[in-house]
Structures are given as C-alpha cells and as structure tokens.
Amino acid sequence: MKKWKRDLQGYLFISPWLVGFILFAAGPMLGSFMMSFTRWSLLSPPQWIGLSNYQQALSNDPLVYKSLWNTAYYVFFSVPLGVLVSLFLALMLNQKLRGMSFFRTIYFLPSITNLVAVSIVWMWIFNPEFGLLNRILEWVGIQGPLWLHSETWSKPALILMSLWGIGGGMIINLAALQNIPEELYEAAELDGARGWHKIRNITLPLITPAIFFNLVMNIIGSFQVFTQAFVMTATAGQGQEGGPNNSTLFFVLYLYKKAFQQFKMGYASTLAWILFAIILIFTFFQFKLSRRWVYYESGERG
Amino acid sequence: MEKIAGKKYYALLRLGFSYLILVAMSMVFITPFIWMVSSSLHSLEGVFKVPFDWIPDTLHWDNYHQAITLLPFGRYFLNTAFIVTMVLAGTIFSCTLVAYGFARLQFRGRNKLFGLCIATMMLPAQVTMIPLYTIFARLGWVDTFIPLILPAFFGSPFYIFLLRQFFMTIPYQYDEAALMDGASRFRIYWNIILPLSRPVIATVVVFTFIGVWNDFFNPLIYINSFEKATLTLGLNLLKNQIIGSGVTQWHLLMAASVLVLIPNIIVFFLAQRQFMKGLNVGGLKG
C-alpha cells in the first residue's frame with residue numbers, strides 16, 4: 001500500500017477524535033483564552049479589555065482569594081486523608097481472609113453513587129439538630145457543631161464526606177498490592193523481615209506508582225470540587241450558594257456563578273485560566289517530585 | 001511447644017483484630033445508606049424523633065409515591081434514559097473506531113496524536129465549557145439534549161485509552177490473515193476486533209452509563225426547562241423546592257434519593273467486575 005494511503009486510512013479511523021479534539025477541546029480552549037481578555041455578557045458583543053480581567057481577579061476581587069483559600073483548604077485536607085484512608089483500606093482488604101469481596105463491595109459502593117443524591121443524604125446527616133452525626137455525637141456526650149451552617153465546620157464537613165467516596169482509589173491501590181509477587185515477601189521473610197518491615201520495605205515502595213496516580217488525579221479532581229458545595233450549601237436559596245459567609249464558595253463554584261448566574265463570560269474565562277494554571281503547576285511539581293519517591297520496576301526512576 | 005502455641009495465639013489475635021477493623025469500617029460506609037432508607041420510610045414526625053427509630057413502627061411506603069408526584073419524575077426518567085442511550089451509542093461507535101486506529105494501524109504521527117489524546121484527559125472542563133456554552137447558545141441548542149449527547153460521538157480520551165490497551169493484546173495474526181483474504185480494515189475492525197472485545201466494551205458501557213446517569217454539571221448549565229430535566233437535575237430541583245418550604249420534609253427527600261440511587265446500585269452489583277477492570281487499567285498504566 002502507498003504510504004499516503006496508509007496514513008489516510010489511519011486518520012480516517014481516528015477522525016472522530018480528531019474532529020472532536022478540534023471542536024470540543026483545542027478550539028474551545030483557544031476561544032476561552034481569547035475570551036479571558038474580553039468583557040462579555042452574551043447580550044452585547046464581546047469587548048476587548050486586555051489584561052483588565054486578570055488585574056481585577058488577582059488584585060481587586062476578594063472573593064477570588066476567598067474561594068482560592070477555601071479550595072486550597074479542601075485540597076490540603078481531603079487529598080492526603082483520602083490517599084491515606086484508601087491505602088489503609090486496600091491494605092486491610094489485601095489480607096488472605098474470608099469475606100474480603102464482601103467488604104470490598106461495601107467500601108467501593110459509595111464511590112459510584114449519584115453525587116446529588118449523596119449530597120442530599122449528607123445534608124440530612126449533617127443536620128445540626130436531628131442529623132445522624134450529631135445524634136451519634138450526642139450519644140457519646142459531645143455537643144456537635146452546626147456543620148454546614150457553621151463557617152468553621154462547613155469545610156470539614158465536606159472533607160469528611162469526601163472520605164466516604166474514596167472507593168476508586170482504594171481499588172487502584174488494591175490492584176497494585178495484588179500485583180506484588182509473593183516471592184518478594186518469602187525472600188524477605190527468610191531474611192527475617194516481619195510485619196511492619198515488610199510493609200515499609202516491600203509493599204509501600206512497590207505501590208508508589210498507584211499512590212502517585214491517585215494523588216495526581218485526586219488533586220486535579222479536588223481543585224474542581226463543585227457539586228457537593230452547590231447542592232449542600234445553598235442555605236439561603238438559589239443564587240446564594242457558598243455556605244455561611246462564603247465558607248464553601250470553592251473556586252469552580254465561584255466561576256460557575258460568574259458564568260451562569262451573572263453571565264460574565266469574559267471574567268469567568270479568566271477564572272478558568274487561573275484555575276488551569278494552578279492545576280498545571282501542581283501537576284508539574286508532582287511529576288518533578290515523583291522522581292524522588294515513586295519507584296518504577298524497570299529500575300529507572302521518574 | 002510453648003513457642004508454637006504462642007504463635008497460634010498471636011495469629012488468632014491478629015485475625016480477630018483484622019475483622020474488627022473491617023467490620024467497623026463497613027459500618028461507617030454502610031450507615032449513611034441505612035440512615036437514608038430508614039428515613040425514607042418514616043413519617044415527618046418520625047424523622048425528627050429523639051432517639052431515632054432505625055426501624056419505623058409503620059413503614060410509610062407512600063413517601064415514595066408522594067416524592068415522585070411532587071415533580072414529574074417519570075418524565076425525568078425517560079429524559080435520562082434517552083440521553084444515556086444516545087451517549088452510549090455515540091461513545092461505543094466513536095471510541096472503538098479511534099482506539100482501533102491507534103492500536104492497530106500504522107500512520108504518521110500516530111504516537112504523538114495518541115499522547116495528545118491522553119493529555120486532554122487532564123484538561124479541566126472549566127477551560128472549555130464557557131466557549132462551548134456560547135457556541136451551543138448561538139446554535140440555539142441550549143435547553144435541548146443536543147449539548148449533552150453530541151460530544152459523545154467524537155470520542156472520549158479515557159475510553160479510547162481503555163479500548164486501545166485491550167485491542168493491543170489481540171494477536172496481530174488475525175489481522176494479517178484477514179488482510180490476505182482481502183478483507184478491508186473496517187471489516188477486520190467490525191468482524192474480528194469488536195466481537196473479541198466484548199469484555200472491555202462492557203466496561204466502557206458501565207462507566208458511560210454511570211457517568212451520564214450521575215452527571216449534574218452539564219444538565220445544570222444546558223437545561224432550563226422544568227420538564228426537560230434529567231433525574232439528577234430533577235432531584236436537585238426537588239431539594240430546592242422542599243428546602244425552600246418551611247419544615248424540611250426529609251422523609252420525602254430521602255425517598256427520592258433512594259429512587260435515584262437504585263439504578264446505580266443495580267448496575268454496580270451487576271457489573272462490579274467491569275468497574276474494577278476499568279479502574280485498574282486506568283490506574284496501573286495511567
């Protein structure tokens with residue numbers, strides 16, 4: 001077959017994605033970048049205003065910093081806790097005991113459920129007076145906080161809830177654990193290694209790629225936290241999402257409000273690019289840092 | 001002898017401790033579900049009772065009937081089912097074709113393009129959604145299902161990746177033999193690769209189903225009409241309606257939540273293996 005014919009055939013097969021890439025990824029990305037330099041309310045034509053949006057966002061909009069702080073808080077607690085809990089659960093499930101598939105099913109189930117339904121259930125769990133959590137706390141003699149109605153406790157509430165849905169990360173860890181060859185443990189046992197030493201020196205290094213993957217994906221996902229906050233914290237009605245004193249106004253929630261409640265499309269695009277830059281920087285440094293701690297079997301690091 | 005007995009004792013203790021933790025964690029994970037179901041079967045006074053009756057004296061099944069008549073949930077179910085079906089068709093069609101191209105055809109720039117495809121997985125939706133919205137708005141497609149369905153026909157990086165990984169494990173001799181017999185590449189894709197790939201296609205179906213069923217953001221921005229909502233969007237509408245009206249009728253909200261979660265749970269139990277496979281390919285090779 002002629003070379004150009006061969007190439008054409010290949011492009012034909014991947015053409016749905018190629019077209020989609022231009023229509024739904026690259027094109028809109030470029031558009032969004034252009035829009036971030038405009039003022040545009042959809043009603044009138046866009047107006048080029050240079051860097052004004054960026055200036056406004058970075059030096060004149062306290063809610064940008066508030067929402068960035070909220071998001072950072074959420075990421076800073078929910079990601080490491082999520083990675084730890086999912087690792088712990090995977091280690092527990094990796095024992096050769098009866099009933100493991102039953103426990104795995106239970107831990108995994110919440111992670112595939114409908115987030116809106118789950119958010120509503122957790123709203124009720126966090127209800128200060130009659131919710132499950134404060135009923136339990138009261139039972140052990142603790143006066144529970146107002147959770148979603150409290151500026152201090154609304155973010156911890158959402159972090160707590162996020163831990164309930166870590167099943168996906170757990171499964172990835174578990175698969176990595178089950179890929180570790182048995183011989184390694186046997187060899188270590190011959191050398192006198194036991195319990196914690198085996199975990200520390202064999203298990204953990206060998207599943208660092210899975211942990212790294214979970215970390216990268218969790219950080220990207222947590223920076224985009226939206227639905228929970230949108231559904232659970234609209235205490236004062238529509239348009240008022242963000243919780244008490246904007247304590248759960250996360251960055252994407254703020255962006256959503258700018259774009260789809262106030263129709264400030266230019267400014268919202270600017271916010272999107274600020275978020276994108278932050279995520280890129282975080283991901284970049286994670287890949288850089290990963291060379292120091294992620295172990296790859298082929299012997300090379302990073 | 002004593003040493004062996006001690007070892008046995010230690011192993012038993014460890015076993016007991018492991019199960020203690022496993023069971024305790026199970027309680028933590030399962031209790032919100034039980035709380036939801038229990039609340040959904042209470043009367044309004046029942047949910048506010050202290051202490052809480054985990055099993056209500058009378059089971060108020062009519063809560064379910066009430067919950068689904070507050071909003072047109074039958075309609076929402078049909079809307080969602082329609083969108084899911086169309087997205088499934090689009091996703092399977094486009095992703096298998098593209099994955100076949102990337103997995104088994106030689107062409108210039110293939111690896112670079114595949115890398116680009118993978119890279120778009122990390123692209124946050126926020127960077128593209130505003131221009132997409134304005135384009136769909138200009139085309140007059142806001143408040144239709146088109147923005148929710150159309151993109152599925154143009155491939156989705158994660159599924160392309162998943163399918164490609166599987167296609168690469170199918171022996172190339174099949175293709176070569178078929179080519180010798182004069183079969184076209186499309187025929188090979190259609191008659192050989194697709195039938196052999198049922199397991200991985202099942203995984204894509206399950207992930208797509210759950211993804212669309214649970215999607216909130218896209219319906220939220222594109223659907224305005226009350227009667228065009230999806231189940232997920234409708235549930236949020238119901239929540240707004242109930243929260244905004246005096247005493248919150250948690251029993252009805254919980255009943256509606258149970259109903260929205262039932263398909264999730266059914267699909268989960270039917271297709272647990274597919275979920276794990278999808279996650280693992282994504283996780284280990286990603």
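Hi everyone. Let me start with a term: a helix crossing is called left-handed if the near helix is turned anticlockwise from the far one by less than a right angle. Keep that in mind, please. One caution before we look: this is a predicted model.

So, first, a pair of helices in chain A. Which way does α1(A) pass α13(A), left-handed or right-handed? The crossing is left-handed. The residues involved are 3-35 for helix α1 of chain A and 265-293 for helix α13 of chain A, and their axes come within 7 Å and cross at roughly 115 degrees. Angles of 65 to 115 count as roughly perpendicular, and α1(A) and α13(A) are therefore described as roughly perpendicular to each other.

Who makes that contact? On the α1(A) side you can pick out A:Met29, A:Ser32, A:Phe33 and A:Met35. Facing them from α13(A) are A:Met265, A:Gly266, A:Ser269, A:Trp273 and A:Phe276. Sorted by class, this contact between α1(A) and α13(A) has 6 nonpolar residues, 3 polar ones and no charged ones.

How many cavities of 30 Å³ or more turn up in a search of the whole structure? The search finds 1. The volume of the largest cavity is about 30 Å³. Its lining draws on both chains: A:Val118, A:Val121 and A:Trp164 from chain A, with B:Pro32, B:Phe33, B:Met36 and B:Leu261 from chain B. Helix α5 (115-125) of chain A and helix α1 (2-40) of chain B each supply at least two of the lining residues, and α1(B) gives the most, with 3.

Last stop: the second largest pocket, which holds about 1400 Å³ of space. It is lined by 31 residues, and the closest to its centre are A:Gln95, A:Gly195, A:Lys198, A:Ile199 and B:Arg14. Several helices give two or more residues to this lining: from chain A, α3 (62-93), α8 (167-178), α9 (182-190) and α10 (195-223), and from chain B, α1. Which element has the largest share of the lining of this pocket? Here α1(B) comes up again, with 9 residues. By class, the lining of the second largest pocket divides into 17 nonpolar, 6 polar and 8 charged residues.

Notes
Residues numbered from 1 in each chain as written. Chains lettered and ligands numbered in written order. Predicted model: local features only at pLDDT ≥ 70, side-chain atom pairs only at ≥ 80, totals over all residues. Heavy atoms only, no water. 1 Å grid on protein atoms, 1.4 Å probe; cavity = no way out; pocket = protein on both sides within 12 Å on 5 of 7 lines; lining within 4 Å. Points joined across faces, edges and corners; volume = space filled by probe spheres on them. Helix = DSSP H or I, 4+ residues; strand = E, 2+ residues; numbered from the N terminus. Axes fitted to C-alpha atoms, helices over the stretch in contact; angles between N-to-C directions. Parallel < 35°, antiparallel > 145°, perpendicular 65-115°, else oblique. Contact = heavy atoms within 4.5 Å. Nonpolar A, V, L, I, M, F, W, Y, C, P; charged D, E, K, R; others polar.
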